[in-house]
Amino acid sequence: MSLDYNKKNIVLAKNLRNNATPEENHLWYDFLSKYTPRFQRQKVIDNFIADFYCHKAKLVIEIDGSQHRTNEGKVKDEFRTEILEGYDLKIIRFTNQQVQNEFYNICEYIDEVTQMLLKEEAER
């Protein structure tokens, strides 16, 4: 299934890739950039930009800064998750602090979820 996307967000996504947070860069350069299956950074999906996206596993990974802990941020994240799940995507979220302090556990979890989703996809 092809994902809808807002073409206006492509330039913004490129800017976000070029100005990634230290936590996003850490996860990308120290794990996801070398991971198979392939992940993409700052992938435009619908009207949103996912931090990381794996097409084969239908997996979105979000790295949340402090703005996601506010009431407004939580409401926006819930809405965004609902829309993305409508594309049959799985969304997992980590905080910046988790990336900083639990990096290897996060990598293991991403691998476990990715492998589980690939297995489920193969069984369909």
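Ile 49 sits in strand 2, residues 48-54 (strands, E, at least two residues, and helices, H or I, at least four, are DSSP runs numbered from the N terminus). This is a predicted model, in which local features need pLDDT of at least 70 and side-chain atom pairs count only at pLDDT 80 or more, while totals for chains, interfaces and linings use all residues. Residues are numbered from 1 along each chain as its sequence is written, and side-chain values use heavy atoms, leaving out hydrogens and water.

With 11% relative accessibility, Ile 49 counts as buried (under 20% relative accessible area; exposed is over 50% and partly exposed in between, with a 1.4 Å probe and protein chains only). Its C-alpha lies 9.9 Å from that of Arg 80, 31 residues away along the chain.

Helix 5 (residues 103-123) runs for 21 residues and spans 30 Å from first C-alpha to last, close to the expected 30 Å (1.5 Å times one less than the number of residues). Its buried residues are Phe 103, Ile 106, Cys 107, Ile 110, Val 113, Thr 114 and Leu 117.

As for disulfides (cysteine sulfur pairs within 2.5 Å), the structure has zero. The sulfur of Cys 54 is 15 Å from its closest cysteine sulfur, in Cys 107, so a bond is out of reach. Cys 54 is buried at 0% relative accessibility, and Cys 107 is buried at 7%.
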